[in-house]
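Work through the exercises below with the model open. Try each task before reading its solution.

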Amino acid sequence: MLSVGGLTGAIEVCITFPTEYVKTQLQLDEKMGDSRRYKGIIDCIRVTLRERGIFGLYRGLSVLLYFAIPKSAVRSVSDEHFGIADFYVHIGIVGMFCQ
C-alpha cells in the first residue's frame, strides 16, 4: 500500500506540474514590467518548448517529487490503517457534498 500511495502521488505531480510551471513563469514575468518575456499562457508554453523542449515544462520537478511521494504514501497508508474515509462518512462530511 505504501508504494501504491507513493506512485499515485508521483503521477499526480507529473500531470499537474506543467501548469504550475507555466503559472510560476507568468507570475515572475509579470514583475518584469515593460520588458515582459511572455504574452500569455500559450506563448509561455511555446517559448518553453522551443527553448528547452518538452522537459522544459518539468524543470524543478525532482524537488517536488522528493516531498510528494512520501506524503502521498503516508497519507494512503494512514487512510487505510485508521479508516479516515470511513470516519468522514460517519460524521457526515462526505454526505454534505454529495447532496
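Contact here means heavy atoms within 4.5 Å. This is a predicted model, in which local features need pLDDT of at least 70 and side-chain atom pairs count only at pLDDT 80 or more, while totals for chains, interfaces and linings use all residues. Residues are numbered from 1 along each chain as its sequence is written, and side-chain values use heavy atoms, with hydrogens and water left out.

**Exercise 1. Describe the fold in outline: how many helices and strands does the chain have?**

Step 1: count. The chain has five helices and zero strands. Along the sequence the pattern reads α-α-α-α-α.

Step 2: burial. The chain has 99 residues, and 24% of them count as buried.

Step 3: contact range. Take the contacts between residues at least 6 apart in sequence: 59% of these join residues at least 24 apart.

**Exercise 2. Find the aromatic pairs in the whole structure and classify them.**

Step 1: the criterion. Rings of Phe, Tyr and Trp (its six-membered ring) pair if their centres lie within 6.5 Å; planes under 30 degrees apart count as stacked, over 60 as edge-to-face and the rest as tilted.

Step 2: the search. One aromatic pair turns up in the whole structure. The ring centres of Phe-17 and Tyr-58 are 6.4 Å apart and the planes are at 15°, so the pair is stacked.

Step 3: what the pair joins. Phe-17 belongs to helix α1 (residues 2-30), and Tyr-58 to the loop between α2 and α3 (61-82), so the pair ties together parts 41 residues apart in sequence.

Step 4: Phe-17 is buried at a relative accessible area of 10%. Tyr-58 is partly exposed at 26%.

**Exercise 3. How many salt bridges does the structure hold?**

Step 1: the criterion. A salt bridge is a side-chain nitrogen of Lys or Arg within 4 Å of a carboxyl oxygen of Asp or Glu. The structure holds three.

Step 2: Glu-20 and Lys-23. Their closest N and O atoms are 3.4 Å apart. The two residues are three apart in helix α1, which separates them by about one helical turn. Glu-20 is partly exposed at 40%, and Lys-23 is partly exposed at 39%.

Step 3: Glu-30 and Arg-36. Their side chains form a salt bridge at 3.9 Å, N to O. Glu-30 is exposed at 55%, whereas Arg-36 is partly exposed at 46%.

Step 4: Arg-37 and Glu-51. Here the closest N and O atoms are 2.2 Å apart. The pair links distant parts of the chain, with Arg-37 in the loop between α1 and α2 and Glu-51 in helix α2, 14 residues apart. Arg-37 is partly exposed at 44%. Glu-51 is partly exposed at 47%.

**Exercise 4. Which side chain of opposite charge is nearest to Asp-29?**

Step 1: the charges. Lys and Arg count as positive, Asp and Glu as negative; His and the chain ends are not counted.

Step 2: the partner. The nearest side chain of opposite charge is Arg-36, 4.6 Å away. Asp-29 is buried yet has no salt bridge.

Step 3: the surroundings. Asp-29 lies in helix α1. Beyond neighbours within four places in sequence, Asp-29 is in contact with Arg-36, Arg-37 and Tyr-38.

**Exercise 5. Where is confidence lowest in the chain, and where is it highest?**

Step 1: the scale. pLDDT is the predictor's confidence in each residue, from 0 to 100. The chain averages 80, and 77% of the residues score at least 70.

Step 2: Confidence is lowest in helix α5 (residues 93-98), with a mean of 47, and highest in α2, at 96.

Step 3: Over residues 93-99 pLDDT stays under 50, and the model has three contacts for them beyond four places in sequence. Where pLDDT is low, the predicted coordinates should not be read in detail.

Notes. Helices (H or I, at least four residues) and strands (E, at least two) are DSSP runs, numbered from the N terminus. Buried means under 20% relative accessible area, exposed over 50%, partly exposed in between (1.4 Å probe, protein chains only).
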